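Walk through this structure with me. We take a sheet, then a pair of helices.

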Amino acid sequence: MTPAQLSATVLAAVRDVFLARGLDPAALPATTTVERPRNPEHGDYASTLALQLAKRTGVPPRELAAALAERLGQEPGVKSVEIAGPGFLNIRLDAAAAGELARVVVEAGTAYGRSDRLAGERINLEFVSANPTGPVHLGHTRWAAVGDALRRILTAAGARVDSEHYTNDAGLQVERFGESLYAAATGAPTPADGYGGAYVADVAATVAAAHPGLLERPAAEALAVFRDEGYAVMLAEMRASLERFGVHFDVWFSERTLHAGGAVEQALETLRAQGHVYDADGAVWLRTTDFGDDKDRVLVRSNGEKTYFAADAAYYLSKRGRGYDRCIYLLGADHHGYIGRLRAIAACAGDDPQAHIEILIGQLVSLLRGGEPVRLSKRAGTLITLDEIVEAVGVDAARYSLARSSTDSPLTLDIEAITRAANDNPVHYVRYAHARICSVLRNAGELGLYRGTDFRPGLLAHERENVLLKSIGEFPAVVATAGELREPHRVARYLEELAGEYHRFQSTDECRILPRGDEAPTDLHRARLWLIEATRTVLANGLDLLGVSAPERM
RNA sequence: GCGCCCGUAGCUCAGCGGAUAGAGCAGCUGCCUUCUAAGCAGUUGGUCGCAGGUUCGAAUCCUGCCGGGCGCGCCA
């Protein structure tokens, strides 16, 4: 029995109790969940429904719990129901009912964990959105890992998701980048406000090599080539780095195309038609304060130039126009000032910000080197690139360690620790569990032992097996919750628990999976093969949601 | 000054109102003559920043304070 099935059973039971006692079923919640108590003495699952309903019905919780226990105890598969404390219901399942879960998981395979919780949602998920003036670096990497995991999780929860990278290629920064490249190619000093990292010289050399005689051409002409070609080179590098990191964007969106295609103009008209645009001091403003922003924002400067904010508005309208009903922005904490104005854009366009726009703010990654904070700067060239991180620890470890903590908490990474601690990364613990299972399955194959079709779930009666089954059963709810809350780290934390349950199971002498020596294989061995295949399935599915590989050998 | 986030074990961090607050790492003690020791078992370690409040119940929700990070342009 899955937790979802048990929850439905509990809800049906409480409905029966309500009807029998003449209580109003309208007081019942639409859904309920069962918890996994920390303390094993509190049963396999616990329901707090009696506690929650006591106030609404006026029936003392323990009394309600007693009636519910009586009724639930008759359900097939339920071994016992006890009332505890103020009105907890502690439920135990028959081993056979609990063990059936392994069959469910094995038969679902890669589909186990998916749900339709977010079915019908068409989501645009934007993250990284780095300026094309330097390599993807550590500051972006957290969002790359988290954003891509979120894309996978939302998809698993039933949503239709496109991931999108917005490239700020229209403004002054690209201009400065071009100037810096030209300077580097001619041996001139880096201009003020230019880019001085070592990669600048590399990109400049690449561009120069592709255009013989470029430096002999007039400065304005050469500059334009360095700017445009350099930008293209940089963008291609960013893409390649992210792809190597396992992060694929469905859409690479260029800010330039908004300006060139007239989308910005059109956005201004749309907003004006909605009545939130006004002119003052020679500039054109959007009255974002109508919708909670702390000040109005300029769309067109008094010199006639459209602001970055105007492009933001056009960009949002572009997303909506492309059919996304929910636009999710994953931004670093240094951009949290954007929340108000972005939401105001949606509102000014006549949308309901609550429904259509969602801004997730993640805290920044800070860096220590030798215990001292390191200031990262693209301009100064003191940055740690995604490529360097991948080279140091590999894609799996890097992705995992960035995705396993809540983006609400700032992450502190020690540069030495990243490389040195490649071994004490929890990712190994999880992947190792998967590799161990594969190893046992290989050994079973050599013995000619397979799980077969005659599965006897009731044989999985050992406490370690029971606990493992319960962990496996949690997976779909974990994925659904991670999707709803936009919190991929929940999947990682869950996998660490599951891996722990597996390691403990396999270390238990009474839980031999394969026959020893000349022992004859039994139904119990075969039942355990079902159990470990179910465990392997969940580990593999879960790691995949994080973009981390599940190796068959380590 | 205003706004957002954070404060939980020595360190890095989990814990969407539930029962005795957890994990990894670090430390200490054991366990490889059969399924991978990247593992397991045990042990040390906590005023959940502080003070109030809400309720059957608060690390979790509310208020105030303290400490830290980040942000508050006709910049991009």
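Two strands pair if DSSP finds at least two bridges between them. Strands here (E, at least two residues) and helices (H or I, at least four) are DSSP runs, numbered from the N terminus. This is a predicted model, in which local features need pLDDT of at least 70, side-chain atom pairs count only at pLDDT 80 or more, and totals for chains, interfaces and linings use all residues. Residues are numbered from 1 along each chain as its sequence is written, and side-chain values use heavy atoms, with hydrogens and water left out.

Start with the sheet. Val78 stands opposite Leu93 in β3. Six bridges join β2 to β3 (residues 88-93), and these strands run antiparallel. The open sheet has three strands, ordered β1-β3-β2, with antiparallel pairing. β1 (45-47) and β2 (78-84) are the edge strands, each pairing on one side only. From one strand to the next, the twist averages 25°.

Now turn to the helices. α7 (residues 198-210) packs against α8 (residues 219-244) at about 115°, and their axes lie 9 Å apart. Axes are lines fitted to C-alpha atoms, for helices over the stretch in contact, and angles run from 0 to 180 degrees between N-to-C directions. α7 and α8 are therefore roughly perpendicular, a term for angles of 65 to 115 degrees. The contact (heavy atoms within 4.5 Å) involves Tyr199, Val203, Ala204, Thr206, Val207 and Ala208 of α7. From α8 come Val225, Phe226, Glu229, Gly230, Val233, Met234 and Glu237.

Key
Chains lettered and ligands numbered in written order. Parallel < 35°, antiparallel > 145°, perpendicular 65-115°, else oblique.
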